[in-house]
Amino acid sequence: MKKIFIYLVSILLIWATNSCTKDFEEMNTRKDAVTEVNPAYFFSGMQQQVFANYQRNVNLYPDIYSQYFANIIGGSSNYGYVDGWIGNQFKEHYTEFLRKSYNINETWADEPTYSELLAINEIFTCYWWSRMTDTYGDIPYFDASRGESAAYDSQSSIYADLLTRLEAAVNNITGAEDQLSYGDEYDLIYRGDAQKWRRFGNSLRLRLAMRISNVDPTTAQSVAAAAISSGVMTSNDDVAKVPMSANGWYDYLHQMLWNWDNERVSKTFTDYLYSESSAGEDPRAPLWLTYKRDGESVSKEDIGLTEYVGLENGYNENMPSDRNDRATINLVGSYEDFSGEGDVQMYCPVMFYSEVLFLQAEATLRGWVSGDANALYKSGIQASMDYVGVDATNAQNYIDGVANLTGSNEAQLKSIITQKWIANFPNGVEAWADFRRTDYPDLTLPIDGISSNATVAAGTYVKRIRYPDNQHNLNQENMPQALNSLDKDRMDFKLWWDVKGTELKGTNGLMDSNF
Amino acid sequence: MIKRFLLILSLIIFASLSIKAQQEITGKVLDENNEPIVGANVVVKGTTNGTITDLDGVFRLSAPEDAVLLFSFVGYTTKEVVIAGQTNVELVLTPDENALDEVVVTALGIEREKKALGYAVQDVKSDELTATGDANIATALQGKVAGVIINQSGSGVGGTSRIEIRGASSLSDNNQPLIVVDGVPFNSADQGEAGIWGGVESSGGMADVNPQDIENISVLKGPNAAALYGSRAGNGVILITTKKGSSKGLNINYNGNVTISKLAYYLDLQEEYGQGREGAYDRFETSSWGPKMEGQMLESWTGETIPYSAQTNRLEDFTRTGISQNHNVSLSAGGEKGTIRVSAAKSIENGIYNDHKVDKSNFDLRAVYDVTSWLNVDAKASYFLTKGQERPEMGYYSYVSYFNAMPMNIRSIDLQPGYDISPTGEHVEKLYTTANANYRNPYFLEAQTYNSDERYRGFGYLAASIKFTDHLKLRLKYGLDFFREGGENGYYYADNVSSSRPDYNTRQRFFKEENAEFLLSYNKDFNDLSLSINFGGNRMYNYEQTLTSHSGRLPTEGNYFLGFGSNITSEENFIEEEVQSLYGFAQVGYKSMVYLDITARNDWSSTLPIDNNSYFYPSVSLSGIISEMVNLPDWFNYAKVRGSWAQVGKGTNPYNVKQVFTIGQWNFDLLNGNVPSIKVNEDLKPEMSSSIEFGTDLRLFNNRLGLDFTYYDEQTNNQIFAVPTDWSSGYDAKLINAGLITNRGVEILLNTVPVKNQDFNLEVNFNYTKNTTMVEELNEILKVYDFEKLNNGIGAIAIEGEKMGDIRGSVYLRDDNGAIIVGGDGLPRTQDSLVSVGNIQPDFTGSIMLKANYKGFYLSALISMQQGGDIYSSTEASATASGNSTRTTANNRMSFFYDGLQEDGSINNQLISAQQYWGRISGITEEFIYDASHMKLREIAIGYTFPKSLLAKIPTQPFNSARISVVGRNLFYFYKHTPGTIPDASAYSNSYSAQAFDFSPVPSTRTYGFSINIGF
């Protein structure tokens, strides 16, 4: 028995000494994770991400504020703010998108053959930065997403930096033969075509330059001129849009307007489809719009109507009982961005070619570049007609019925922005930004008034989104002083480039602030 | 050596036998009911000469004429009888109410005398657990142990329960105690996947255990008791000891019960008004703001013209009577050298929703054998098969939620069977409005959703105990718990809510945990001192792998498998963890008066950073038996005081210390890189909790009154949890070590025996628990911690410096005098920010257990109660928005001027309708906060035990024992304050924050049945 005892104790000692902890580090490392990711895997995700959670991030705010769409069940139309909705965009930008973008830069920084890919990442990253700052104003920028709380940077300094970065990025797309590409798989927007990215980069410079037209016209002029001479979009083939997978999960307009049945097209928008040309109905209307009856799509003719009529914006308590019968978007027509094709359900617009033509028309009107503003204005309408798929005769009839640019600069700008607003449908983000800058076209205040919880003065329009609760709770000390409390952080606070409130529009329907 | 020892022993015995003149003595040993006691020990005092009684209680023994015989039996007072020449002795043993030598199972499965413990341990015996035939021991334990709060979630049969011992201590809601079966940790992780927005709940490990296999459950309540289980015991330990075979020959036993459960408690709804808006009928409206229902003939949503009247039985129509049955057969056998017990059990529980069923099978084998005089082998093997199907959807969108929101005139018959068949053969939901997430036909949803799951589980151990000398022992043990779980779920039909239906999802999960341990023990008594020194080690390794696959949208109904899907995706998940431990503990006892315990343990956890992965924690406890030290009056039978201090360290979850990226397939079949939103922490330190505990045990009046009092103070600090972080840092949350949570409380057990005589015995026991959980500290920037919440922010929170578990919600906007401010619309306004409107912690909880025996009849009843604590009736809030709650009928729904002031101080002059008013009220949280106090009859059983004399009259005497009883559970509430729903079993899951809501996804039931128990 003693022998057994000694034997057992030895076993125990062996067990005790052998069971060391040296494999703990390996054990505590995830098997289903990596420490480095091929940047292409980040890039396609980033492209889709700017439209992910579309309802909360975009649709309930810019899409409604631009009056492309109107709620049929109450919601954000009255300028209320729900933190879990658009606050989410702030979160996604900093905690996902930006970290992925940095990662691409860090992984490929020292690879000479990747400089175009880095430039493309830069252009796209600047695009989302511009959306972010145009939503909030001052935001954390230079030190953001580096692991610690970041300071807020002024919108003017962000704009200056974005313009510098974009210039550098487009100049880095040289077409050199040794440059690698994201490939037609992982680049969902341009399928690896670096030259299209370059033209988009310049078009984005033009868009941002125009955004600051009223606050820093000198910079705006020089950037716009440089961008146009460097080469902006030249055709509808250059349109920047993100495909939504027909087999994947998306909350895009088809969900809000059809499956979930939360919204209809705004009446403000449909009214403009019948008022801008002596030819009558805008021929894009039946391609964009339809009616929903018993869950099916029917044309206005099918149900004996003469127009597509949307719903007034801003109903809360007095929602009309025929709200469900108002016009909605046409998912089964020939407009490909809505109807999709193959494994693409729909496309989300980043920038239309028509927008670039309207931007050039405005640049010409402002005298920044030489050219024929009226011709550019008409070709902007034409480009949109072509893009939506209007046949040539109908398009010509409509355009012929649109008055030539005439009158004061403000009057001409109003015409340009009105047609630009129609053509930008359904790009609510851009349309809302244009409206805040120029106060055109004529939109309407919420019909049931402003929500008692909204921080927008009665009789005025919403001008920005307030910072999310997360920032108020955890980063308030870094916020601009004018906004660093829930009381002060108002949604009628004008952004740096927004110089005047729409309510100050003259009785002639014109502002005095755009020139 | 052994042989020599035996030789010496037999020589001594022989010598003692040969000295005195011997005579044969026969006799019979009876219990207090004059039934024979089988297996009682009869020993000649001062010798090892003895025997045990046979099946008839009869013994036969040779002893000297002047011998003194000692009669003993477990649970009975030992008696001495002076033979004085008698040759026939018959005596009655009386139960030992002192139970001073009561033995309880403590950490590492070590049995100790209760009096020697310096901390509170409470145990629950088998018959108390199985009295009413509850198949789930988690719910069967409810109300039976002071300091332990068990709340069922509202998930019906096979659902989850929340078990909290001495309060919640964790901000990451890791509060469930460790479950240990016969010394081996038993995975108890519930498969609670439900969140506030849905998912199903299915009970995990604890419900696998067959209540009939349990000998007793001992609850170690704090770190003091649990110091030796280490990391995972910080929330207390539930030690389950299963039955062993009996050494008294062969026993066969059958237990069975059948119970039925019926819908009993659900939200009160009004019966006056039906479908419409602002008093006008509209057959497509989604709420009950229409005209009064007086049976008038109106065109309904189906196009039929039918009487417009209240439909009050819709939930009854939708539910069924759930019939459940449990059967258990056990066989036990044994002799001097060893015992064996096998048992087989089958339990089928049917829920009140159609096809909701949980079916459990269970086989258990336990064998203990003395291989030699120095080697004992103990082995257990258990197999569990648990199958569930059609577990109901929890959360905000349950079947019940749709009934609560449905206009009161909508008929069940029009909703059934939930769908129309389209010309192409597809099932299309039929409803009075366009279906979306807020409006569904519950019949359709029931038909549309499917889920099933199966868990195959093996559990067991092999232990060897080696006796080197009488004082030195070594125990080696290897325990294994593993299971494979599979399940599928999805939607059979397409619907309007999501474009990804129909679909099919499947999951596989494998889990195993191994525990290898040794324990070297030295025990010796020196005159007045008893000494025990132990040294041991444990290596715990666990591994878990989960694979989940989704079909994406299926092109048509009818085929449900992955390959048919349009967007097949899969995720896998691994968890691997190891903890190595060494520990020592020692006990010193002096004259059965004073006992001192010291423990020390060091753990090495794989989950912590290499530099911080070793942590040490000690405990010390002292107990003094006052009644042994001083002379107390006769009526003062026993008095003990005890105190202890302990620490427990804790690791974290795996993979919390290294930042990584994940990759998965996303849209267009492209790989997608993800950046995890939680910032890991490379400097994590172990969590620590420490506690102090004092208590006393008193027994008075011939043990007719017993009082057990405990005060404790526990602190948990350095908690590892994720805190929300400033998004501009690039992360949504980060892991930190922070926080200080305290739990202070009092536990009182009062045992009384008001009546006790030959025929009638009445025992009434009271449990009282008062616990307060305080959030003393969070961290520098985080002052409020959010648990899961609704979209509008309503949910449970932890505020630094306050009681944990405040319910946050909206309140009226009031002026300085408390008058409510109305807006320009004439409706009451709410404050901009959410504030605390209640707290989920009760002031105290308690229970009364009553046991009465009259001859063969017995009655046991358990009444449980809670005082204080709040609950938010989100069900009533949504039923108020839709005009269905009873409160919405006030004042005949006349338009009125709300009694409030406008912002400028003037009287409100805007007329509002009832619909407008209640629509606003439904969004004001404080209106729906209810006091969760209640008292209910939780369990009752009335039965009869057939006397042996009667069973003996049956030809061939097939039965050894027989008992029948009728049982009931949740029969009624003496009082409660919630509007029809119940405050104690309505949560959508067993998470902390779920306790704040009365969702009752499955309405609570009343259960009745009968139970029989037969011994062969």
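Let's start inside chain A, where A:N202, A:R205, A:L206, A:A209 and A:M210 in helix α9(A) meet A:A220, A:V223, A:A224, A:A227, A:I228 and A:S230 in helix α10(A). Two residues count as being in contact if their C-beta atoms, placed from the backbone, lie within 7 Å. Helices (H or I, at least four residues) and strands (E, at least two) are DSSP runs, numbered from the N terminus. The residues of this contact divide into 8 nonpolar, 2 polar and 1 charged; here Ala, Val, Leu, Ile, Met, Phe, Trp, Tyr, Cys and Pro are nonpolar, Asp, Glu, Lys and Arg charged, and the others, Gly among them, polar.

A word on what you are looking at: this is a predicted model, in which local features need pLDDT of at least 70 and side-chain atom pairs count only at pLDDT 80 or more, while totals for chains, interfaces and linings use all residues. Residues are numbered from 1 along each chain as its sequence is written, and chains are lettered from A and ligands numbered from 1 in the order in which they are written.

Back to our helices. The axes of α9(A) (residues 194-211) and α10(A) (residues 217-230) come within 8 Å and cross at roughly 160°. Axes are lines fitted to C-alpha atoms, for helices over the stretch in contact, and angles run from 0 to 180 degrees between N-to-C directions. The two helices are therefore roughly antiparallel, a term for angles over 145 degrees.

Now step back to the whole chain. Chain A has 20 helices and 9 strands, and its C-alpha atoms fill a box of roughly 110 × 55 × 50 Å along the principal axes. Of the contacts in chain A with a separation of 6 or more, 76% join residues 24 or more positions apart.

Finally, look at the neighbour: 58 residues of chain B are in contact with 57 residues of chain A. On the side of chain B that touches chain A, β32(B) gives the most, with 6 residues. The residues of that side divide into 23 nonpolar, 25 polar and 10 charged.

Conventions. Parallel < 35°, antiparallel > 145°, perpendicular 65-115°, else oblique.
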